[in-house]
Amino acid sequence: MIATRLALLVFAAVLTSSAPAAQGPPRGPGGGPNQAERKLVDQFDKDNNGRLDTSERKAAREFLASSPGQGLGPGGGRMGGRGGRGGPGGPGGPAAGPAAAGPRIAPADVTASTAPLYDDNSLRTLFLTFESADWEAELIAFNNTDVEVPATLVVDGKTYTDVGTHFRGASSFMMVPVGYKKSLNLTMDFVNKDQSLRGYKTLNLNNANGDASLMRAVVYEHISRQYIPTPSANFARVVINGEYWGVFTNVAQFNKDFLRDHFTTGDGVRWKVPGSPNGRGGLEYLGDDVAAYKRLYEIKNKDNDTSWKALITLTKVLNTTPPDQLETAIAPLLNIDGTLKFLALENVLVNSDGYWTRASDYNIYLDPSGRFHIIPHDINEAMMAGGGGRGGGSVTLDPLVAVNAASKPLISKLLAVPSLRAKYLGYVQDISTKWLDWSVLGPVIEQHRALIAADVAKDTKKVTTTDAFTSSIDGLKAFVEGRRTHLDGIRR
């Protein structure tokens, strides 16, 4: 266990230190980096089929071009220039300039796989074909709107038609120039509601912006799934209109498929807490007005007052119950053990976009029995040896960071309970001892390197260099060893 002396010192600090007050009003869509999605389908859907065909999308694009400054894309001023963290022209990136054409690859050139979609040892190739050669400009134009651009997808020799496609992400979109790979979201059931890819209806193909190794989300998931339900992640090659666009991380969507895999049910209520520095999405109690919560939490199911009232009740109990009564009061409402593991994973693996720093970038699930679960999201900016990332974390991150932060009550309130703090510190030690060990983690990472290295070298669309890919993997080893040394020092 973590040293008793450290635990006593921390408990004293919890009891004697006053938590800083939350600053400023809640910032919802439009008040921070996460603007509300622009609705265009209803406006341009002339045949009322719920989607835009070629002529309808053309009209919508013309409208957007004449309405500058109202979203992400041409005229919005936020498309992303040449550079940025890890982008072309940025640290570790190639000189600014157009991306070279990728190799031509056809479905007949690859071997079909029979492995599960998220198998660690598989590197599938996904062939996307758009009807237009200017597909990239179209996806950019419709970024941050409700418009999906249809494409044909071929995987393992099977053809899937009318797959909805759009660019996804915030910084991973804005900081990557035209012609380099941006993150993609594929909706398999966009038109055919029964269509799925090996049982999954949504795919997230991420460019791993900020992670030249491409591995951090995959490695984090590998560790995290040993403790809590975590979206699966592996790698996929992507070919668009016959041109190779490189290796992407293939990360499972937090949807009913995820619930089926981890909770054996598709029922319950899901919320996403979008990334927003100082956004106050950390489950603070903001009163009983539902509107205050709707600005911060995106409900992914049918919106109803019952779901929101359950969330508000959770926040009220969490924030207003005295420490000596909290564990008993909140146990029926929250999976406490899973939440403590979630917090320990974020800390040990230093997720720089984590709850501990941003009080956002995570998911919430209310199961049919009425208990809430905290689910990881956006984990590609973890395990950075020299810090980096928006949270500024490093190998020396305090295991009890934010213990007095009122804006992060999952930490400050739960860890004010001595028994829960001791359990959390036990999980910190367990994760550190089992996984911050290069003899354990090194072979996992080497397996990933062997799987994708040759394809990364051929990738002309990547936002960094092949040398940066190699050095970033070396950085993973430096992180593992440095973080283990620091946490061992605290325990001593």
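Predicted model: local features only at pLDDT ≥ 70, side-chain atom pairs only at ≥ 80, totals over all residues.
Trainee: Which order do the strands of the closed barrel run in?

Mentor: The barrel has 7 strands in the order β1-β2-β3-β4-β5-β7-β6, and the pairing is mixed. Two strands count as paired if DSSP finds at least two bridges between them. Strands (E, at least two residues) and helices (H or I, at least four) are DSSP runs numbered from the N terminus.

Trainee: And how much does the twist average from one strand to the next?

Mentor: It averages 40°. Axes are lines fitted to C-alpha atoms, for helices over the stretch in contact, and angles run from 0 to 180 degrees between N-to-C directions.

Trainee: How do β2 and β3 pair, parallel or antiparallel?

Mentor: Antiparallel, over 6 bridges, with β2 covering residues 149-155. One of the pairs to look at is Ala-151, whose bridge partner in β3 is Val-163. The hairpin of these two strands has 2 residues between them, and Asp-156 takes a positive phi near 55° there.

Trainee: What about the other neighbour, how many bridges join β3 to β4?

Mentor: There are 4, between β3 (residues 158-167) and β4 (residues 184-187), and these strands run antiparallel. Phe-167 stands opposite Leu-184, and His-166 has Asn-185 as its bridge partner in β4.

Trainee: What holds strands of a sheet together, in general?

Mentor: They pair through backbone hydrogen bonds, in parallel or antiparallel fashion.

Trainee: I'm looking at Thr-165. Is that one buried or exposed?

Mentor: Thr-165 sits in strand β3 and is buried, at a relative accessible area of 0%. Buried means under 20% relative accessible area, exposed over 50%, and partly exposed in between (1.4 Å probe, protein chains only).

Trainee: So what does the side chain of Thr-165 reach?

Mentor: The backbone oxygen of Val-163, at 3.3 Å. For a polar contact we take a pair of N or O atoms within 3.5 Å; within protein, one must be able to donate a hydrogen and the other to accept it, and residues adjacent in sequence count only if both atoms are side-chain atoms. Leaving aside neighbours within four places in sequence, the contacts of Thr-165 include Phe-130, Leu-139, Glu-148 and Leu-186.

Trainee: Switching topic: which residues touch the most other members of the largest nonpolar core?

Mentor: Trp-271, Leu-283, Tyr-297 and Ile-364, in a core of 88 residues. A nonpolar core here is a set of buried Ala, Val, Leu, Ile, Met, Phe, Trp, Tyr and Cys residues joined through side-chain atoms within 4.5 Å. There's also a second, separate core of 38 residues, with Tyr-118, Phe-142, Ala-151 and Met-174 among them.

Trainee: What does Ile-364 touch?

Mentor: Not counting residues up to four places away in sequence, the list includes Phe-254, Trp-271, Leu-283, Tyr-297 and Phe-372.

Trainee: Let's do loops. Where does Lys-193 lie?

Mentor: In the loop between β4 and β5 (202-206). Lys-193 counts as exposed because its relative accessible area is 52%, and its side chain reaches the backbone oxygen of Phe-190 at 3.4 Å. Arg-198 lies in that loop between β4 and β5 too; it is partly exposed at 39% and has a positive phi of about 50° although it isn't a glycine.

Trainee: And what phi does Asp-361 have?

Mentor: A positive one of about 60°, again for a residue that is not a glycine. Asp-361 is in the loop between α12 (355-358) and β10 (362-366), and it's buried, with a relative accessible area of 5%.

Trainee: Last one: how many helices and strands are in the protein chain?

Mentor: 16 helices and 11 strands. Of the 492 residues in the chain, 54% are buried.

Technical notes:
Residues numbered from 1 in each chain as written. Heavy atoms only, no water. Contact = heavy atoms within 4.5 Å.
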